[in-house]
Amino acid sequence: MLARRTTLVFAIVLLACSVGAGHAAGAPNGTSQQHESSNATLVSAYPSPVARGDSGEFVTVRFSHPTNTAGWTLTDGKTTARLPNRTVDGTVAFAMNTSAAGRHTDHPTAHLDGRLLLADGGDRLELRAGNRTVDSAGYRNAPEARIRDFETGRWRPVGATDFDPVRTDGGTATAFVLPDGDDVTAETLASAEERLLLAGYTFTSARTTDAIIGAHEDGVEVRVLLDGSPVGGMTVRQQRQLDRLTEAGVSVRLLSGPHTRYDHHHAKYAVVDDRALVLSENFKPGGTGGMSSRGWGVVLDDGGTAAALADLHGVDWRWRAATPWEEYRAGRDFTESDPALGEFEERHPPQSLTVESTTVLVAPDNAAEEMIDRIDTADDRVLVQQMHIDSRDERLLRAVLRAADRGVTVRIHLSGAWYAEEDNAALVSWLNRRADAEGWDLQARVDEASGYEKIHNKGVVVDETVLLGSLNWGPTARTENREVVVALEEKRVAAYYVDVFEDDWSKAGATGRPLPAGLLGAVAVAGAGGLLVARKITFVGRDGVVTDWEW
């Protein structure tokens, strides 16, 4: 019996010694060193600055509590740099050149001694405390001027913003649609008394130019901010309008060059004193001159919304990629545009309504997630009118399909424009087959325009909320573009846009495509298609020619 007890005690002692030895091997300086060396996380890396020689590279590390980093190193397996011999806390950007790195990060910087070269093609980084690896992370194929976020596994632009949704108590709104409400944009801009901050993708409207110059001549502070690399290139028509603005003394900047944060500055809004104008349409004759595109817009007499958009405009205006037009213009060639003529009689006049609340959404910061959340909580209806939906796997579309699966009524109306019709028709066919197979109350349709030339809208109605703005349904718009969407909550406001949606939907069914039963009922108008085609080619808009391609 004594022998057995002795053996048991001996075994316990050996086990305890073994465990103690294990801790000692993992933490040479004892338990406190092990605790201290496990509180740091590699957060991000900036491997490919625009500057020559990659000056400005950095690696950010987050410390959960104050930590003395004496003996700590960063290595890529080939080169190694030592962290400073001092106590750090929070998130710190470690760099060989702290002055250059500080221009690309808002975090405090700390100097690295030794040599650490972040390869553009990819690297595996290790953060070490003595001979212990605290954390490791890797990346491949670093794009220029992008920061690798190790926690999300994505690249983000240097200087990317992080705006939260801004909700206000609403106020008076002028709800309007295009091309019907063709005077609203120009008249709103012309009414400015103190400030006019315009943000757009493309700008070719002579009427809009006239309104802005008039405001500037009346002493209004005017700033125009546009995209510097529109799809298809900048047109001669836009060059002429921007020349007019700058010759009149208006400040015009275009987001362009290696420091550009986003693929496109695709937002379409303006701050006019304490009012906000938000559009789905470009500042082109086809979008704002009563000539071509079906889109939605709103003017909000709401100081909170105006302030939120003014903040956004200021951040983008001050970014280093915002290039004055005179500098951008030098040595550039501009493309000719193909004219397309047309006009549309007003069927849905603007209405002055009261909005219960407004929420400003910004991409890529928050817009997509907020829109998905709203669709995911829909109870009764989701009506979608879009130029194009990127694919069956588009996240916004998937949220709509989840709504249909819950029993929500869904209607999806896509553009019949020549550049989108084939893809849209294939998606519509798949959606309708899927709805039949699942027993959903979902119908999809490609538009056959009635009077207006094409759908260019990016509008959604979710129950009694309207979502309108510039965000196309695709990954680039959601994650790589600057976009603006407003969510308008109010039953009567929703009713206005629903009325337009239903009219467009029914006219599309009347011109040859099957009209499913359900939301709207059967409509039959024999021969309308030919009459509408004739109408499209006989009217000429008052703002001149427009291009057929609009994004």
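Predicted model: local features only at pLDDT ≥ 70, side-chain atom pairs only at ≥ 80, totals over all residues.
Contact is taken here as heavy atoms within 4.5 Å. Residues are numbered from 1 along each chain as its sequence is written, and side-chain values use heavy atoms, with hydrogens and water left out.

The protein contains 15 helices and 32 strands, defined as DSSP runs numbered from the N terminus (helices H or I, at least four residues; strands E, at least two). Of its 551 residues, 54% are buried, a term that denotes under 20% relative accessible area, with exposed set at over 50% and partly exposed in between (1.4 Å probe, protein chains only). Among contacts between residues at least 6 apart in sequence, 76% join residues at least 24 apart.

A nonpolar core is a set of buried Ala, Val, Leu, Ile, Met, Phe, Trp, Tyr and Cys residues joined through side-chain atoms within 4.5 Å. The largest such core has 69 residues, of which L198, I212, L488 and Y497 touch the most other members. Helix α14 (residues 491-510) gives the most to this core, contributing eight residues. Beyond four places in sequence, Y497 touches A175, F176, V177, W296, G297, V298, V461, V466, L468 and L488. A second, separate core of 38 residues includes I372, L397, V408 and V428.

V428 belongs to helix α12 (residues 421-438) and is buried, with a relative accessible area of 8%. Neighbours within four places in sequence aside, V428 is in contact with L414, A444, R445 and V446. The C-alpha atoms of V428 and R392, 36 residues apart in sequence, lie 9.9 Å apart. A368, in helix α10 (residues 367-376), counts as buried at 8% relative accessibility. With neighbours within four places again left aside, A368 is in contact with L396 and R478. A separation of 8.3 Å was computed between the C-alpha atoms of A368 and T479, which are 111 residues apart along the chain.

Helices α5 (residues 206-217) and α6 (residues 236-247) pack at an angle of about 10 degrees, and their axes are 10 Å apart. Axes are lines fitted to C-alpha atoms, for helices over the stretch in contact, and angles run from 0 to 180 degrees between N-to-C directions. The two helices, α5 and α6, are therefore roughly parallel to each other, the class assigned to angles under 35 degrees. On the α5 side the contact involves A206, T209, D210, I212 and I213, and on the α6 side R237, Q241, R244 and L245. These residues comprise four nonpolar, two polar and three charged; Ala, Val, Leu, Ile, Met, Phe, Trp, Tyr, Cys and Pro count as nonpolar, Asp, Glu, Lys and Arg as charged, and the others, Gly among them, as polar.

Two loop residues were also examined. H456 lies between β28 (454-455) and β29 (458-462) and counts as buried at 0% relative accessibility. Its side chain makes a polar contact with the side chain of E281 (2.8 Å). A polar contact is a pair of N or O atoms within 3.5 Å; within protein, one must be able to donate a hydrogen and the other to accept it, and residues adjacent in sequence count only if both atoms are side-chain atoms. D273 is placed in the loop between β18 (269-272) and β19 (275-279) and is likewise buried, at 13% relative accessibility. A polar atom of the D273 side chain lies 2.9 Å from the backbone nitrogen of E193.

Technical notes:
Parallel < 35°, antiparallel > 145°, perpendicular 65-115°, else oblique.
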